[in-house]
Amino acid sequence: MKDYYQYPAIFDIDDDGISIFFPDLPGCLPCADDMQEAFKNAKEALQLHLFGMEEDNEEIPPASSPLDIKLEKNQVLVMIEAWMPPFREKMMNKSIKKTVTIPRWLNLLAEKENVNYSHLLQMALRKYLGTDENNTYHFKQV
């Protein structure tokens with residue numbers, strides 16, 4: 001797993017916006033209304049796509065040389081960079097919603113005591129799993 005990637009992206013500019021295509025990464029297809037948004041969306045999509053491939057243990061292909069890419073009318077070739085460590089950190093710390101089931105009497109008692117379910121569940125899981133909040137990659141490295 002690398003920390004830095006750089007891939008060529010084709011910006012296909014049309015009257016109704018910009019379609020973005022990464023020749024080396026099928027399925028990574030962001031779009032935008034203008035060039036500023038196109039660069040932002042391309043970077044975000046590239047990071048998300050690469051993160052997903054890492055999570056799925058998929059082989060990440062090497063980037064094509066920009067010299068080998070042929071463009072059509074209204075297309076521009078740009079290089080998009082992805083610095084993965086801060087993006088991985090962001091994704092690993094992203095909150096997800098879980099539904100839990102508890103007896104009604106326990107819920108009434110917890111509400112009476114103003115229990116913060118999310119905080120309590122996080123603390124209990126950390127204790128049960130023998131980890132702490134600084135160990136964000138505990139399961140990723142296994």
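Contact here means heavy atoms within 4.5 Å. The model used in these exercises is predicted.

**Exercise 1. Work out the fold order and the overall dimensions of the chain**.

Step 1. Count the elements. The chain holds four helices and four strands.

Step 2. The pattern reads β-β-β-α-β-α-α-α.

Step 3. Check the dimensions. The C-alpha trace spans about 65 × 35 × 20 Å along its principal axes.

Step 4. Compare with a globule. A compact globule of 142 residues would have a radius of gyration near 14 Å, whereas this chain has 21 Å.

Step 5. Look at burial and contacts. Of the 142 residues, 25% count as buried. Among contacts with a separation of 6 or more, 60% join residues 24 or more positions apart.

**Exercise 2. Find which residues of helix α2 are buried, and what covers them**.

Step 1. Locate the helix. Helix α2 runs over residues 84-92.

Step 2. Apply the cut-off. A buried residue has under 20% relative accessible area. In α2, Met-84, Phe-87 and Arg-88 are buried.

Step 3. View the helix down its axis. The buried residues of α2 fall within an arc of 100 degrees, so they line one face of the helix.

Step 4. Identify the cover. It includes β1 (4-14), α1 (35-55) and β4 (75-83).

Step 5. Gln-47 touches Ala-82, Trp-83, Met-84 and Phe-87, leaving aside residues up to four places away in sequence.

Step 6. Is Gln-47 buried or exposed? Its relative accessible area is 10%, so Gln-47 is buried.

**Exercise 3. Describe the surface and the charges of the chain**.

Step 1. Take the area. The accessible surface comes to about 10,700 Å², and carbon and sulfur atoms account for 53% of it.

Step 2. Count charged side chains. There are 15 positive and 23 negative ones.

Step 3. Locate the two sets. Their centres lie 10 Å apart.

Definitions and conventions:
Residues numbered from 1 in each chain as written. Predicted model: local features only at pLDDT ≥ 70, side-chain atom pairs only at ≥ 80, totals over all residues. Heavy atoms only, no water. Buried < 20%, exposed > 50% of the residue type's maximum accessible area, 1.4 Å probe, protein only. Helix = DSSP H or I, 4+ residues; strand = E, 2+ residues; numbered from the N terminus. Arc of directions from axis to C-beta. Rg over C-alpha atoms; globule rule 2.2 N^0.38 Å. Areas by Shrake-Rupley, 256 points an atom, 1.4 Å probe, with all protein chains shown as cover. Lys, Arg positive; Asp, Glu negative; His and termini not counted. Charge placed at Lys NZ, Arg CZ, Asp CG, Glu CD.
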